[in-house]
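Colleague: Hi, could you walk me through this one? I'd like to go over a few spots together.

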Amino acid sequence: MRQSSAEFSQLLVKAGRGVGLPLGLAEDLVHPGIWLQTCGFPGDAEILGALTALDEEQVERRFPDLSATTDFSSARMISGVYLAAAACDWLQLDWPQAGEEVLLPETESPRLVAAALALSHRLLRRERYLRIVTSDEIFISGPS
């Protein structure tokens with residue numbers, strides 16, 4: 001028996017709320033999680049890992065300042081949930097500029113962040129490509 005996407009969505013929101021995420025951030029997990037599952041990635045495991053890291057306080061619960069030129073390598077790992085939300089907000093402000101390479105802070109779930117960025121880029125219908133490189137995959141979102 002297969003689980004419906006509505007059931008999976010509600011489960012993700014409840015799990016996010018269970019580890020103390022604000023409602024909006026918990027809801028932000030839904031689309032990247034389902035998209036990863038649809039594409040054959042373990043979206044459920046990605047979200048479980050991100051929520052476990054939050055619950056066990058292995059990552060910082062904060063929105064990183066992506067406009068800062070800070071060297072992120074010495075900082076503690078940032079939650080993928082918070083990083084994805086911050087990066088998607090910046091994407092709405094036409095970030096990054098064409099041809100600009102951006103390094104994001106280290107996170108426990110780069111795949112979740114990449115999926116969120118790719119989906120946001122598609123929704124914004126940008127006229128240029130966005131290429132997101134993680135240690136294991138490359139996600140590309142284009143104008144069409």
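Colleague: Which residue forms a salt bridge with arginine 128?

Modeller: Aspartate 94 does, and the closest N and O atoms of the two are 3.1 Å apart. A salt bridge here is a side-chain nitrogen of Lys or Arg within 4 Å of a carboxyl oxygen of Asp or Glu. Before we go on, this is a predicted model: local features need pLDDT of at least 70, side-chain atom pairs count only at pLDDT 80 or more, and totals for chains, interfaces and linings use all residues. Residues are numbered from 1 along each chain as its sequence is written, and side-chain values use heavy atoms, with hydrogens and water left out.

Colleague: Why does arginine 128 count as partly exposed?

Modeller: Because its relative accessibility is 28%. Buried means under 20% relative accessible area, exposed over 50%, and partly exposed in between, with a 1.4 Å probe and protein chains only. Aspartate 94 is partly exposed too, with a relative accessible area of 32%.

Colleague: How many salt bridges turn up in the whole structure?

Modeller: A search finds five. One of them joins arginine 111 and glutamate 137, at 2.4 Å from N to O. Arginine 111 lies in helix 6 and glutamate 137 in the loop between strand 1 and strand 2, so this pair ties together parts that are 26 residues apart in sequence.

Colleague: Are arginine 111 and glutamate 137 buried or exposed?

Modeller: Both are buried. They also belong to a network of salt bridges that links Glu46, Arg111 and Glu137.

Colleague: And what does glutamate 60 pair with?

Modeller: Glutamate 60 forms a salt bridge with arginine 62, with the closest N and O atoms 2.5 Å apart. Glutamate 60 is buried at 19% relative accessible area, whereas arginine 62 is partly exposed at 32%.

Colleague: Back to helix 6 for a moment. How many of its residues are buried?

Modeller: Eleven of the 15, so helix 6 is largely enclosed by the rest of the structure. Among them are Arg111, Leu112, Val113, Ser120 and His121. The buried residues of helix 6 pack against helix 3, helix 4, helix 5, strand 1 and strand 2; contact means heavy atoms within 4.5 Å. Just after helix 6, arginine 125 takes a positive phi of about 55 degrees.

Colleague: New topic: helix 1. Which of its residues are buried?

Modeller: Phe8, Ser9, Leu12, Val13 and Gly16. They cover an arc of only 135 degrees around the axis, which puts them on the same side of helix 1. That arc is taken from the directions from the helix axis to the C-beta atoms. An α-helix has 3.6 residues a turn, so residues three or four places apart point the same way.

Colleague: What's on the face turned away from that buried side?

Modeller: The exposed residues Ala6, Lys14 and Gly18. The cover over the buried residues of helix 1 includes helix 2 (23-28), helix 3 (30-38) and helix 4 (43-55).

Colleague: What does serine 9 touch?

Modeller: Val30 and Ile34, not counting residues up to four places away in sequence. Serine 9 lies in helix 1 and is buried, with a relative accessible area of 14%.

Colleague: And what comes after helix 1?

Modeller: Glycine 20, whose phi is positive, near 95 degrees. Just after helix 3, glycine 40 also has a positive phi, about 90 degrees.

Colleague: Which residues of helix 3 are buried?

Modeller: Val30, Pro32, Gly33, Trp35 and Leu36. They pack against helix 1, helix 2, helix 4, helix 6 (110-124) and strand 2.

Colleague: Last one: where is isoleucine 138?

Modeller: Isoleucine 138 is in strand 2 (residues 138-141), and it is partly exposed at 48% relative accessible area.

Definitions and conventions
Helix = DSSP H or I, 4+ residues; strand = E, 2+ residues; numbered from the N terminus.
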